[in-house]
Amino acid sequence: MRTDTALTPTRLVDYTPPNFQVNSVYLDFTLDPSATRVNSRLNLTRLGDGPLELDGDEITLKSIKVDGKHLKRTEYRLTQTHLILDGLPNECILEIETECVPEKNSTLMGLYVSGGRFCTQCEAEGFRRMTYYMDRPDVMSVFKVRIEAEKAKYPYLLANGNCVEEGDLKNGRHFAVWEDPFKKPAYLFALVAGEFDLLKDSFTTMSGRNIPLTIYVDPGDASRAEYAMDSLKRSMKWDEDVYGREYDLDRFMIVAVRDFNFGAMENKGLNIFNSALLLADAATATDMNFERIESVVAHEYFHNWTGNRITCRDWFQLCLKEGFTVFRDQEFSADMRGATVQRIKDVRALRSRQFPEDQGPLAHPVRPSEFMKIDNFYTATIYEKGAELIRMLKTMLGDEVFRKGCDYYFDTLDGSAATVEQFIQCFEHVSDKDLAQFMHWYEQAGTPILHIRRTPQGIEIKQENNPTPGQTAKDDRVIPIRWAAVKDDGTNTTDELTIMTTNGVIIGHPVPDKKYTPSLFRDFSSPVVLKTDFTAEDYLRLMAYDDNGFNRWEAGQTIARNLLTMMAQAIQSGQIPKVDRALSGYTQALRSTVLDDRFDPAFKALVLTPPGEKEILQSLTNADPVAITLASRWLKRAIADHLKGVLLQTYNGMRDDRPFSPSAEAAGRRALANRSLAFLASRQDAQAAPLAIAQLYSASNMTDELSALVTLTHLGGRRIDQSLEDFFEKWQNNPLVIDKWFAVGASRPGKLALDYVKALTKHKAYNPANPNRVRALIGSFAMNNSEAFHRIDGEGYHFFAEQILDIDSRNPQIAARLLGAFEVRPRLDNERQNLISQQLGRIIKSKPSNNVLEIATKLRG
């Protein structure tokens, strides 16, 4: 492999506006897998001095014309990455003809072929792989696109906007012309051509317009897109009701493709989805799949206003569209599936993905100040932490003022490429508040640590902002604290909001002279880490009496985190974990919660789910990750031993013969039943294996079938191979289900786990060029199989590095994202740190892509 070019950073402070405006774009595609011709016609107006510099990547330049005149080779400059034109007039028409080879485009950026169909992915820098253009988000223009292809192979020709013309041509070819009346940057361009089955519906907007809706899927898959269509219609209605945003084009289309680097892409009027996030039915999709489809369909649709109508000025402002839109899709999911349950799931995801990022070598601000490869900044910090910032803003301003700020943002910046500062100024305008200090959240990396202790004066809270790469000194942040007091008699005081603006604040005792426990950061009102002087008794009081569902759950998580930390440290030092009063109180509190009919099954299932191993790792240094895995098993066994009768009763009580429904209520029942079965298996209960086997072979839905397979895999014994083999034989012709099978195999425990994963890379169904399959096997191995990945002999790391180098030769984006699994290195014991460092050095020496080189260099330090 070669390193693309020298790694030089792009810096926010160096931003300069474009020196040309593109008034209109006309593109003409003559599609051919081995040689696609692209003719572009740009109507340009000069805005500033200097040459016109156009981006290009792995395309062949055929010709250039300015105002109808062909340019000679001496009249322009051509480099590996740019086409530079000097001396252009103030107004001109620039015509460029290029050629690309879609069938050989394994990066899946730009125009490529997937399953015999043409597809594009242009965010962030894919448009330049089709034609030369100012490929930056602040260059916005109206697009008209003509597509020509062989009709028999590619009966559907799709692009952004509205179809204004189509027809047949000679030699079995046909064409279609699409026009998008709204200005957009090149990263929102989309083109799809191929044969599909269609699922059609329509939506009537709040102004009475009828919008045809069409989802394009593989032949035979139309029925599996019905839930996505239902999610789309609910999203459209929700955005009208909650934000007053109506859809603007004459039609809305979604296309499902198997080979896709991302989850989905919000291209104006033509969303392109990874099929894993669009296709679902009871037999092949889990409840998590249904939830993700609902969420991602909403996310991409919501981008129409938060991302498309108003886009980001430059890629440093990526959080402007992604953070805001993630917040909106989280709110939508909360309304669809229950606010408390959804908030818990969102925070669990934040802690497992973003908190480690914020505390490791890849830490960066929500709005970075520089980057090497923008592809590497599609991170949990940009997305999930970016959403938390919007949530804090709403908490501080209140619902009514927040909505006014959103309306002002949409009204004043529509059709523009905006910055975070402009966004915040909209809320300053409607609230008459100074939000300058709030900008620290966008500019500073790291997760604040809040030290909390009770004093005679009240509850003292102090913030600590630790150094992160490139940022040694930090300013105090504004931190909204929603809180109440849970009294000894079980009653709760009313919610209060305290805005922390300095290093420390004291909240006066809410119930003087009475015993109480503070319920702090209700609903996780700020993305922070708490270190308190609270006792196990305090947390048990919150588990029993807190009327805020999130904080009731959080109290149990805190007890479990403390227990797991102590257990892991004991195991690492060669001791047997002790059974103490906290464990006894915790298991009793779990029993009470499971038996309490006031709580819905989904909430109970989450209460029964201990913190993840990665979360525990963040609280330790010089840690043995395998000891954490063993501690997690030990705690689950202790819980199961205490709740055995309750677990069996719950498992039987939650299972029923009603027809499958993807509803939140039905999904919650399945979650609680399968969580109970998993706990029974954790204690090697004699009834666990028969129950799991019966469930595996009689399940009427994929949630139960896959849960049974996972349970049997973790039970161990000879049954594992037979169960995995039977599952594969049943589903071998369904790629999305086989992805799940690879993920289960990659997480298989035991001494031979690494050998099994290596064998899976040679399996007939493994395709190293397909991102879904690679993430299922290699990603699951690195993230979900601690024993094999973190082997003390370093073989897990060596195998992983080999896979990264192989993947990088085809798809640098996927390789770089997977390589992030090594971000845990600073938390590990010295021996494992050195082993990972050796593999990172090996990767760097191999001259990888710039995507991988940037990540590897940062990880090694």
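Tutor: Let's start with Val486, which stands opposite Thr517 in β30. Before we go on, this is a predicted model, where local features need pLDDT of at least 70, side-chain atom pairs count only at pLDDT 80 or more, and totals for chains, interfaces and linings use all residues. Residues are numbered from 1 along each chain as its sequence is written, and side-chain values use heavy atoms, with hydrogens and water left out.

Strand β27 covers residues 479-487 and pairs with β30 in the antiparallel sense, over five bridges. (A strand is a DSSP run of E, at least two residues, numbered from the N terminus; two strands pair if DSSP finds at least two bridges between them.) Step back again and you'll find three strands in an open sheet, in the order β28-β27-β30, with antiparallel pairing. So which strands sit at the edges? They are β28 (496-500) and β30 (516-520), and each of them pairs on one side only. That leaves β27 between β28 and β30 in the order.

(Axes are lines fitted to C-alpha atoms, for helices over the stretch in contact, and angles run from 0 to 180 degrees between N-to-C directions.)

Finally, look for helix α9, residues 536-545, which packs on the sheet. (A helix is a DSSP run of H or I, at least four residues.) Helix α9 touches β27 and β30, where contact means heavy atoms within 4.5 Å. The direction of α9 makes about 70 degrees with that of β30.
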